[in-house]
Amino acid sequence: MNTNDKSRREFITAGLLASLAVAGCSTKNNPFEPDAIDSIKPSGKMVKLLSVDGKVIEVDEAFLKPVPNLPAVSNDAARVGISGKKFVMVIDLSRCKSLKKCQSACDHMHHIHPGENWIKVYPMQDSEHTAPYWQPTTCMHCDEPPCVKVCPVDATFKRKDGIVLIDSDRCIGCRFCMAACPYSTRVFNWEDPGLPKEIAEQPYSCETSMPQKKGTVGKCDFCPDMARKGELPHCVSACPNGTFFFGDLLEDSVTNGAETFRFSDLIKDKAGYQLMEDLGTKPSVYYLPPVNRNFPFENNEQKEDKKS
Amino acid sequence: MKKHNHLFITLLLSCISVAVIAQDAKNDLSLTLSYFNNNNQVQYLVAHAKSKIDGRFQMIPGINVSFFITNDSSGNLLGKSVTNDKGEAFLLIPPTAKEQWNKSAKQTFVVVSQASKLYDETKASSDITKAKVKIDTTDDRKITATVLELKDTAWVPAKGVDLKIAIKRLDGDLNVNETQTFTTDSTGSITAEFKRDSIPGDINGNITLIAKVEDNDTYGNLSTEKIVPWGSKFQYVSNFDERTLFARRGKFPIWLGVIAYSIIIVVWGILISLIFDIVKIKKLGQEV
Amino acid sequence: MENSAKQKITEDLLPQKFGKQGKIWVAFLLILCIIGFIAYCRQLSKGLIVTSMRDYVSWGIYISNFVFFVAISLVGSLITAVLRLTNVEWSTPLTRIAEIISVAAITFAAIIIVVDMGRPDRFYNLFIHGRLQSPIIWDVIVITTYFFISILLLYFPLLPDLQILLRFKEKTGNGLNKLYKFLGSFWKNTPAQIKISNKAISILCITIIPIAFAIHTVTSWLFATTYRPGWDSTNFGAYFISGAFLVGAGGVVVAMYVFRKHYKLEKYITEDHFDKMGKVLVMLALLYLYFNINEFLVPAFKMKKSEKEHLIGLFTGEFAVVFWFAITTAMILPILILILKKGRKPFPAFIAGTLVVIGSWVKRYLIVTPTLLHPFLPMQDVPNEYRHYFPSWEEWAIAIGSLAGALLIITLFARIFPIIPIHETITETEEHEKA
């Protein structure tokens, strides 16, 4: 297991810059399918660089800069999604130790109100003699989402790329979606989320799910803003054990930043399964069973609960 | 007068000692510098700032850093940058480095972080030898990657270099076969067999192969890409535009629309006709 | 029929001014409404955090109140429509009582649902962005439709009475007289008018029945379209409707007794009415009991893992007291009381009716909350308070305020309009005498 944070981060950013640089230098298309909404357009502004063989070359600026300052996508574009992709997540239960770094990263990056975690890590034991394990649970981004079916105002919707998002500008707070979700993954802003002023005043973006608003529903969003930049969701990058894998089903590849696997092989080889798929929700999150655990299951929270 | 002088000196000394004590409370900044070369074209530097806070390393944003080539004299300044929230600062190597760059095969890069309230001025350097990676492929899906280093003016094979051969994917790179890392032999090459059959490519079945040298002490980070038609053709089917119960507003299933609207039209038609009945009754009443 | 007899009936049934008791009652209801309103203002400013609802119990007594109101509003279709269409004459004095309970209940159902919304300021989104696939949109459509039908079913039979009321200006006062004029001065009781009106009433009675079924079936689908144990039942539509008829009938018996006693209407709401309504109530209670047995015994036989905790919680666990209280007061006790002839006298019937209403309200709470406390995945990684639910004072105030508001509408209606149709009573008495 590669626990070198620095190397993984540089790896990702290097990969990003490389792909963008290549996009500028070669005739290969933008990594995202040519879509009017999605492709990076040449800005026309050329930048001079020193090439490796000591010559001066010119490259369009738009293809070189890493793109943290992409303007937020419009509401209509956020409702359609990234064409040509279908995002999936694989969670390796044999690696989870309930460190909850995923939870704290997600809470921090989305400025989530305390107590309203979007990722919950459950201690599970399916029946008396079966193995206990920790189960990090995100939104399943179901392909037949019961929450989307029941929303009366189209405030929660499923996109082309499989991601289910919430439009907090439209949500009326009826909480029907929360009743309908069998995974109990949705949370509600019962009071004002108490965001810092600069964030609370920003216009709402469905893709960052920020700023959260009082009286609306929130949930894990698979970080589509990160996917547009070619980066991994925050939970995936935050886990020191590399428990979360994220990728594109249509590319047949998932990665946790350090390791990349062919998705179909991974699920077949390790007998991946989905949570409560008998309900017909067709979740996009797969779990790898806790076989050959890296460490024994210890539930300190339960011990503390019993003490108090 | 003398008394005042004594007082002044005492004050000055105490100020200095306080300043010294304050300075001692600064944290140590750990700075690292990496060199990147993509496709033998674009090259850039990445400076990484970390500090041990509460026993754990944390990335430090907002550090002003200056990049230099060869040494940190002001004439060799390449550019300045600020670390982002991941503690990284980037700089594309600008044309001003041309003179120094073309002088020799071995280069040194230096990064200096500006002194601030929390951190002292810190320096880091990275020595690299110019190198490049090449990919060659054959029709029977064998990949040969060669690493060459520049010795004086000639490119010679680089032995014992660790390489990864992979297919470029959205967020990561998928190894072409089970071998995670290859090591170059005496000719500076490795061969790898492409074992990822039917991996989805683009609409024409093209995939991008990438050969990477990562974090090499001598060469830095190198990568090269090549497009090959070894993937399966990309097929995209989405039910986004279908009429389903979970589709967006106007895309309800036809049967639902027919049932709902017909009930609404019939019942409200009846109600509206009853409103007209009231009008009729009113008219009849006014005639009498 | 002699004019003096007609006059007597009319005078008996005219709306009466509030006596001391009436005024205290109205003041009491107003105070409850005001407290509820204040609690709602608190909720608007601070958010739904003032309730005890949290991420697991995301629907609480606002929703159970909503279901209760929708249930009671079905009484309009039962008493007014069904009994009218089957030419059951003894129901005539009860039709307006039933109809106003219906209208008051459906009004407050709409109000309490807006109260439950996290963002009531975005209410219009339901209309400009509504999704036809959502059961909530179906509910909005049927509730609106039912409201209009009920108003019309209140209005048409009121027209002849308005004509009568206009003659009694000295008794009713200037203000009310103006209201009567505005509403129906054009009614002259001509054969042509009567024909149109009777036809309209028949059409309304026929139309309201499927809509009444629809309104409560769709409300039951707010629960039955989810996967949760206790809600994932094919039985829900029929179960809810039978419960609705029961609580509606119970409500009518209570109202009958109160109006009879207070306005001295013993000649019009006779002991025979209580006897007949009592029998209706027994049948409905037995029917509801039947559906309850199906709803609980069948899953209990299987004890599926997801449903086991929920069922045990209801039968012997944390909800046992509430559950058995509801079953007893809503069904068992009323059946036992009303099955005896003596039990169908006005006062015992009134007690039985009250028990039905109280038990049914508690039953609605049991439909909403226990299921939410037994989700599929364990309740972990959440603050402790999320694992329990007892309504906060704001929730109680608003729920009680809404009930008080509905009662206020009924009370004020009886003050303004005759609670027993005058014209129909006269007509029917005439026909009886002829026969």
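# Chain A and its two partners

Strand S14 (residues 285–288) of chain A is covered on both faces: A:Val285 and A:Tyr287 are buried on one side, and A:Tyr286 and A:Leu288 are buried on the other. Buried here means under 20% relative accessible area, with exposed over 50% and partly exposed in between (1.4 Å probe, protein chains only). Strands are DSSP runs of E with at least two residues, helices are runs of H or I with at least four, and both are numbered from the N terminus.

A quick word on the ground rules: this is a predicted model, in which local features need pLDDT of at least 70 and side-chain atom pairs count only at pLDDT 80 or more, while totals for chains, interfaces and linings use all residues. Residues are numbered from 1 along each chain as its sequence is written, chains are lettered from A and ligands numbered from 1 in the order in which they are written, and side-chain values use heavy atoms, with hydrogens and water left out.

**Around strand S14 of chain A**

- In a regular strand, side chains alternate between the two faces of the sheet.
- Strand S3 (residues 87–92) of chain A runs parallel to S14(A), and four bridges join them; two strands pair if DSSP finds at least two bridges between them.
- Within chain A, A:Val90 stands opposite A:Tyr286 of S14(A).
- Strand S13 (residues 273–274) of chain A pairs with S14(A) in the antiparallel sense, over two bridges.
- There, A:Tyr273 stands opposite A:Tyr287 of S14(A).

**Where chain C meets chain A**

- On the chain C side 44 residues are in contact with 50 residues of chain A, contact being heavy atoms within 4.5 Å.
- About 3800 Å² is buried between chain C and chain A, and carbon and sulfur atoms give 55% of that; buried area is the accessible area (1.4 Å probe) that two parts lose on being put together, summed over both.
- The rule finds three salt bridges across the interface of chain C and chain A, each a side-chain nitrogen of Lys or Arg within 4 Å of a carboxyl oxygen of Asp or Glu.
- A:Asp154 and C:Arg131 form a salt bridge, their closest N and O atoms being 3.8 Å apart.
- Polar contacts join 33 residue pairs across the interface of chain C and chain A (both residues at pLDDT 80 or more). A polar contact is a pair of N or O atoms within 3.5 Å; within protein, one must be able to donate a hydrogen and the other to accept it, and residues adjacent in sequence count only if both atoms are side-chain atoms.
- Helices H2 (20–46), H6 (125–128), H7 (135–166) and H10 (191–224) of chain C each supply at least two residues of the side that touches chain A.
- By class, that side of chain C has 22 nonpolar, twelve polar and ten charged residues. Ala, Val, Leu, Ile, Met, Phe, Trp, Tyr, Cys and Pro count as nonpolar, Asp, Glu, Lys and Arg as charged, and the others, Gly among them, as polar.

**Where chain B meets chain A**

- Here 55 residues of chain B are in contact with 58 residues of chain A.
- Chain B and chain A bury about 4900 Å² between them, with 62% of it on carbon and sulfur atoms.
- In chain B, the residues that lose the most area to chain A are B:Leu170, B:Asp171 and B:Phe246, together 16% of what that side buries.
- Three salt bridges are counted between chain B and chain A.
- B:Arg196 and A:Asp265 meet through their side chains in a salt bridge (3.6 Å, N to O).
- Ten residue pairs are in polar contact across the interface of chain B and chain A (both at pLDDT 80 or more).
- Elements giving two or more residues to the side of chain B that touches chain A include strand S1 (29–38), strand S2 (42–53) and helix H2 (98–101) of chain B.
- That side of chain B divides into 23 nonpolar, 16 polar and 16 charged residues.

- A:Gln103 lies in helix H3 (residues 101–109) of chain A and counts as buried because its relative accessibility is 9%.
- Leaving aside residues up to four places away in sequence, A:Gln103 touches A:Asn117, A:Ile119, A:Lys120, A:Val121 and C:Asp381.
- C:Val368, in helix H15 (residues 346–372) of chain C, is buried, with a relative accessible area of 0%.
- B:Asp277 belongs to helix H3 (residues 254–287) of chain B and is buried at 12% relative accessible area.
- Not counting residues up to four places away in sequence, B:Asp277 touches C:Phe156, C:Ile196 and C:Ala200.
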